[in-house]
Amino acid sequence: MIEVFIESPDILFQHIYYSWNAIKDDADDNKFFDIAVASNADYLVTDDTHFNQAKDLVFPYVKIISADEFLNIIATLV
């Protein structure tokens, strides 16, 4: 499966330079927060409640939204 991602022109690889450890309740989730920061993502889309503790961070700021919120945003673009 990794080869599909490697060869896809729609995949961007991003190196993480710093671990923020913003998700205390589930440390395994930090990789998703860290990549959102490193890639300057517009949104981190998740329904995982562990990310709620990172929603209030002023720095580094990541806009964390639910899947339904993201679908509403996409619906307004079409």
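**Legends to close-up views of the predicted model**

**Figure 1. Overall fold of the protein chain.** Three helices and two strands make up the protein chain in this predicted model. Read from the N terminus, the elements follow the order α-α-β-β-α. The C-alpha trace spans about 35 × 35 × 20 Å along its principal axes. Among contacts in the protein chain with a separation of 6 or more, 32% join residues 24 or more positions apart.

**Figure 2. Surface and charge of the protein chain.** Of its 78 residues, 21% count as buried. The side chains include 4 positive and 14 negative ones, and 8 Å separates the centres of the two sets.

**Figure 3. The largest nonpolar core.** Nine residues form this core: Ala22, Ile23, Phe33, Ala36, Leu44, Phe51, Ala54, Val62 and Ile64. In soluble globular proteins, nonpolar side chains tend to be buried together. Ala22 is in contact with Asn30, Phe33, Gln53, Ala54 and Leu57, when neighbours within four places in sequence are left aside. Two of these partners, Phe33 and Ala54, are also listed in the core.

**Figure 4. The aromatic cluster of Tyr18, Trp20 and Phe59.** These residues, Tyr18, Trp20 and Phe59, form one aromatic cluster. The whole structure contains three aromatic pairs. One of them joins Tyr18 and Trp20 edge-to-face, with 4.6 Å from centre to centre and 70° between the planes. Trp20 also pairs with Phe59: the ring centres lie 5.5 Å apart and the planes stand at 85°, so this pair is edge-to-face as well. The Trp20 and Phe59 pair links distant parts of the chain, 39 residues apart. Trp20 sits in the loop between α1 (2-7) and α2 (30-38), and Phe59 in the loop between β1 (44-45) and β2.

**Figure 5. Accessibility of Trp20 and Phe59.** Trp20 counts as partly exposed because its relative accessibility is 28%, between the limits of 20% and 50%. Phe59 has a relative accessible area of 65% and is therefore exposed.

Figure 6. Ser66 lies in the loop between β2 (64-65) and α3 (67-77). Its relative accessible area is 19%, so Ser66 is buried, the limit being under 20%. Leaving aside neighbours within four places in sequence, Ser66 is in contact with Val45, Thr46 and Asp47.

Key
Residues are numbered from 1 along each chain as its sequence is written. This is a predicted model: local features need pLDDT of at least 70, side-chain atom pairs count only at pLDDT 80 or more; totals for chains, interfaces and linings use all residues. Side-chain values use heavy atoms; hydrogens and water are left out. Helices (H or I, at least four residues) and strands (E, at least two) are DSSP runs, numbered from the N terminus. Buried means under 20% relative accessible area, exposed over 50%, partly exposed in between (1.4 Å probe, protein chains only). Contact means heavy atoms within 4.5 Å. A nonpolar core is a set of buried Ala, Val, Leu, Ile, Met, Phe, Trp, Tyr and Cys residues joined through side-chain atoms within 4.5 Å. Lys and Arg count as positive and Asp and Glu as negative; His and the chain ends are not counted. The place of a charge is taken as NZ of Lys, CZ of Arg, CG of Asp or CD of Glu. Rings of Phe, Tyr and Trp (its six-membered ring) pair if their centres lie within 6.5 Å; planes under 30 degrees apart count as stacked, over 60 as edge-to-face and the rest as tilted.
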